[in-house]
Amino acid sequence: MRDKEAGRRDIHVLVDINGSEVVFENRHLSRIAHADGSSLNIECEKGTRNGAPPTVSSIKLPDGKQIKKQNDQFILEDFATGRVENVDVTICDDRLQGAAVMYSSKSGAKHLYSSNGIDRDQDSMLTVPKLSQLFEKAVSKFDTDKDGRLSTNELKNAVATGEDSGLEAQFLAFSIDNFEDLASLFRKEDISRFDYDGNGKIGNEDLNKSVLDGRLSEEVASQLKGTSQKLLREEMKWRSKLFDSQAISSEDISEFSKFWQAGIDEKPDKLDAHKNVLAGMIRTDNRMILCSDFLYAKTTPFDSIKPYFVNQHGVGDCYWEASVAAIAAVKPQLIERMLQDNEDGSYTVSFDGKAPKQIIVPRLNTAEKLLYAGVSSGGIWPGVLQKAWGMYRNSELGVARRDAVTFQDVTESGDGNEALTALINNKVTHLEFCDPQVTTSVLEESLNKVVDKKVAMVVSTESSSKTGMDGVVGRHVYAVVGYNKGERKIRLMDTNGVIEPESKFGRPLDGRRDGQFEISVEQLQKYFRDLDVVPVSAFDGNVAERY
């Protein structure tokens, strides 16, 4: 993985926005394809004869430069200056933003291009050398328990309080998104942090002080008192590692910086975590490209209100995102009607369902957009709706998750029936596929109404982690975004945009990792649990006349 003679790293990474793929240099990079049709001009070689995906051969950048592959190396050609140099290349592929290509030269300068032609210099990018300074700054502002570390709650409180500086917001989103991997990089497996008097033993006084320092609960400390030193030492080693994994420390940042400088061969036991953190940094920076204050980023609202701009990110609210995507697929007017720009950065969101209510959503800060559903090339409308749903759920329905810090956290866990009932003032019909009365003809009748744009529909899988069908996730809700009557094929969308049925070579069957895929009516009945469907064609007489 490391060119010892040249003394430089050759790391090529392909990353989906949700981190589904992290592919290092000895693996194939495949053609970049996107739901909205945008892309950089990326030329690909033909696939190998065993059917593996094609590899990237050249990338034409929008400013008169071209990256070409020669002898397993990437060469940058600058046609304006005639300069030619070796570069490391990173390709980020996500269905919301299109392609992004980052290259770095031997001098260390990094440039990032997105499919909309933006070239960002290193000053505005979240890079490894900046992490230590950003960490120390965050600790000075948000470390409420003064332990020199940053817990998930401290980081999310920073998001909730409105942190809006570009780099600081990126650091917060990156740290929360990659918390588990980042916090695992440094784990001290010894008893010294619990041995306050330094005598090599853990006594009752040490346990009492550990409670005062917040390293142990009173209950745990009480249980450990009287335990033999041998067992206590083993317990404390384990709890030392556990303590390290509960917050991000300066040692974690230092470990990742060492990995970045030394290459990926130095810490084989931490390789996966390091790769995940690296991919997470790229994802965060890629999301930052299209971070804006525009409710709708396209020419008209209806060019922006498309299902593929809905992205489940940062919280387990698939039921909500799927419901929004399902409505966007058949009746975007409903969503446009819900949203009112107050022209002061805030938005009024009108829930017209069973319990009508208007919610004033304050301006989304940069960290919120990066961490949750507020970034897409279609604008921030999905993020505004998501926060409004959390606020609505908290005030109107009395839902308050015990560990919720932000309103977006309150959206976690629910079902399509709840979401559709809040969004549309029509009866939601719930059908269980195990019910003998839910025949194929009944199901196809509802699917035909999706084609006619008369109903919005979501489908759910079983509560177990596996469904029996490759590429279909358990405990998940999918949006129905289309139906082919002739072929009896249902088009589903996973708002995670990550997992879908694949070939034996690990590529999506339809050639596009956009979260959308087709299944037969029989597969829907066999591998899914239920569906929720709601009429949208006659949602309101006055509004219907507008369209």
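How many bridges join β13 to β14, and do these strands run parallel or antiparallel?

Reply: Three bridges join β13 to β14, and the two strands run antiparallel. Strands (E, at least two residues) and helices (H or I, at least four) are DSSP runs, numbered from the N terminus, and two strands pair if DSSP finds at least two bridges between them. The model is predicted, so local features need pLDDT of at least 70 and side-chain atom pairs count only at pLDDT 80 or more, while totals for chains, interfaces and linings use all residues. Residues are numbered from 1 along each chain as its sequence is written, and side-chain values use heavy atoms, with hydrogens and water left out.

Five residues lie between β14 and β15, and the two strands form a hairpin.

Taken together, the three strands make an open sheet in the order β13-β14-β15, with antiparallel pairing. The edges are β13 (339-341) and β15; each has a single partner strand, so one side of each is left without a neighbour in the sheet. From one strand to the next, the twist averages 20 degrees.

Helix α14 (residues 381-395) packs on this sheet and touches β13, β14 and β15, where contact means heavy atoms within 4.5 Å. The direction of α14 makes about 120 degrees with that of β15; axes are lines fitted to C-alpha atoms, for helices over the stretch in contact, and angles run from 0 to 180 degrees between N-to-C directions.

The whole structure has eight aromatic pairs (rings of Phe, Tyr and Trp, its six-membered ring, with centres within 6.5 Å; planes under 30 degrees apart are stacked, over 60 edge-to-face, the rest tilted). One of them is W320 with W389, a stacked pair at 4.7 Å centre to centre with 0 degrees between the planes. W389 belongs to helix α14 and W320 to helix α11, so this pair ties together parts that are 69 residues apart in sequence.

Helix α11 (residues 318-330) in turn meets helix α16 (residues 416-423): their axes come within 8 Å and cross at roughly 50 degrees. These two helices are therefore oblique to each other (under 35 degrees is roughly parallel, over 145 roughly antiparallel, 65 to 115 roughly perpendicular, and the rest oblique). The crossing of α11 and α16 is right-handed, as the near helix is turned clockwise from the far one by less than a right angle. On the α11 side the contact is made by Y319, W320, S323, V324 and I327, and on the α16 side by G416, E418, A419, L420 and L423. By class, the contact of α11 with α16 has seven nonpolar, two polar and one charged residues (nonpolar: Ala, Val, Leu, Ile, Met, Phe, Trp, Tyr, Cys and Pro; charged: Asp, Glu, Lys and Arg; polar: the others, Gly among them).
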